[in-house]
Amino acid sequence: DLPSNAKKVNVAMLTQNRVALAQVTTADKLVVSIYDISANGSFTLKNTWNGPNVKDQKPGIVRLTDTKLATAVALSTGGLRISSYTVAPNGTILKQDDDDNGAIESVDLARMTSKRIVAGVKLTNDQMKLIAFDVNETTHVINRRGDYVLSGTVKKISMVGMDNNSFVAFSTDSNERLDAAAFETTASGNFVLKNQLNDIKKPSTGQYFTLRFLDGQYLGTNGRILLSAV
């Protein structure tokens with residue numbers, strides 16, 4: 001167990017023995033920490049970065065490379081903030097750039113490549129917007145690219161990157177039923193909707209999935225995704 005005053009947490013593995021932890025504290029602050037993992041599985045805190053005031057939502061975090069990561073949060077003022085970071089060999093965190101956009105309720109991130117991420121955000125009107133961001137590999141500056149708004153309302157969002165230009169946006173609708181939309185991204189950062197499933201049912205039954213929370217992970221082969229949910 002790690003000493004923490006976190007309410008919401010999310011992690012990204014940078015290497016086999018280094019993990020980045022993003023947490024929303026009991027004071028509603030974003031805190032990013034780097035931990036090293038020893039051969040016997042014990043954790044050593046290397047460095048911590050203290051960030052802005054945020055909403056009480058799980059922060060988004062993705063690995064870009066072994067030494068770079070990005071986070072996404074809904075600020076307490078309602079804005080979307082995407083931030084890029086570099087991590088030194090000794091674990092020191094250096095925040096490189098921010099990009100602030102719009103008014104949102106929550107956000108999740110998917111990694112496309114070492115320099116492109118896609119944010120799935122829940123807008124204040126409960127619609128889902130997808131936004132592509134590029135992170136310059138040298139300057140680390142974040143640039144916004146294309147965006148796409150899905151029709152309908154959402155409660156929770158989970159983004160799953162699958163390869164350099166494809167991802168799936170899972171969500172729950174106003175009835176807490178599971179929906180999914182598969183997209184491709186173009187070189188310029190625009191979105192192409194490839195397939196969409198609404199009110200997904202349990203296999204071989206007529207029963208709907210109704211979920212409160214969800215988190216998807218790509219299994220890395222044959223288009224298979226593991227979706228964990230409550």
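In the residue classes used here, Ala, Val, Leu, Ile, Met, Phe, Trp, Tyr, Cys and Pro count as nonpolar, Asp, Glu, Lys and Arg as charged, and the others, Gly among them, as polar. By these classes, the lining of the second largest pocket has six nonpolar, five polar and eight charged residues. The structure is a predicted model, in which local features need pLDDT of at least 70 and side-chain atom pairs count only at pLDDT 80 or more, while totals for chains, interfaces and linings use all residues. Residues are numbered from 1 along each chain as its sequence is written, and side-chain values use heavy atoms, with hydrogens and water left out.

**Four-stranded sheet**

- An open sheet is formed by four strands in the order β1-β2-β3-β4, with antiparallel pairing; strands (E, at least two residues) are DSSP runs numbered from the N terminus, and two strands pair if DSSP finds at least two bridges between them.
- The edges are held by β1 and β4 (43-53); each has a single partner strand, so one side of each is left without a neighbour in the sheet.
- From one strand to the next, the twist averages 20°, where axes are lines fitted to C-alpha atoms and angles run from 0 to 180 degrees between N-to-C directions.
- Eight bridges join β3 and β4 in the antiparallel sense.
- S33 belongs to strand β3 (residues 29-37), and its bridge partner in β4 is T48.
- The side chains of S33 and T48 also make a polar contact at 3.2 Å (a pair of N or O atoms within 3.5 Å; within protein, one must be able to donate a hydrogen and the other to accept it, and residues adjacent in sequence count only if both atoms are side-chain atoms).
- S33 counts as buried because its relative accessibility is 2% (buried means under 20% relative accessible area, exposed over 50%, partly exposed in between, with a 1.4 Å probe and protein chains only).
- A22 lies in strand β2 (residues 18-25) and is buried, with a relative accessible area of 0%.
- Between A22 and T48 there are 9.8 Å in space, C-alpha to C-alpha, and the two are 26 residues apart in sequence.

**Seven-stranded sheet**

- Seven strands make an open, antiparallel sheet in the order β5-β6-β7-β8-β9-β10-β11.
- β5 and β11 (142-150) are the edge strands, each pairing on one side only.
- Neighbouring strands of this sheet are turned by 20° against each other on average, direction ignored.
- β9 and strand β10 (residues 128-135) run antiparallel and are joined by seven bridges; V118 has A132 in β10 as its bridge partner.
- β10 and β11 likewise pair in the antiparallel sense, over seven bridges, and L130 stands opposite Y148 in β11.
- The hairpin of β10 and β11 has six residues between the strands, and H140 in the turn has a positive phi of about 70°.

**Pockets**

- A pocket is an open set of points on a 1 Å grid over the protein atoms alone, with protein on both sides within 12 Å along at least five of seven lines; a cavity is a set of points where a 1.4 Å probe fits but cannot get out, and lining residues have an atom within 4 Å of a point.
- Grid points are joined across faces, edges and corners, and a volume is the space filled by probe spheres set on the points.
- The largest pocket has a volume of about 540 Å³.
- Its lining has 21 residues, of which I61, V62, L109, R111 and Q217 are the closest to its centre.
- Two or more lining residues come from each of β1 (6-15), β5 (60-65), β8 (93-113), β12 (157-163) and β16 (214-218).
- The lining of the largest pocket divides into eleven nonpolar, four polar and six charged residues.
- The second largest pocket has a volume of about 390 Å³ and is lined by 19 residues, with K58, K156, I157, F213 and L214 nearest its centre.
- At least two lining residues of the second largest pocket are supplied by each of β8, β9 (116-123), β12, β16 and β17 (225-229); β8 gives the most, with four residues.

**Cavity**

- The count comes to one cavity of 30 Å³ or more, and the largest cavity holds about 40 Å³ of space.
- The largest cavity is lined by V54, K55, Q57, K58, P59, A72, V73, A74 and V107.
- Strand β6 (residues 68-74) gives the largest share of this lining, three residues.
- By class, the lining of the largest cavity has six nonpolar, one polar and two charged residues.
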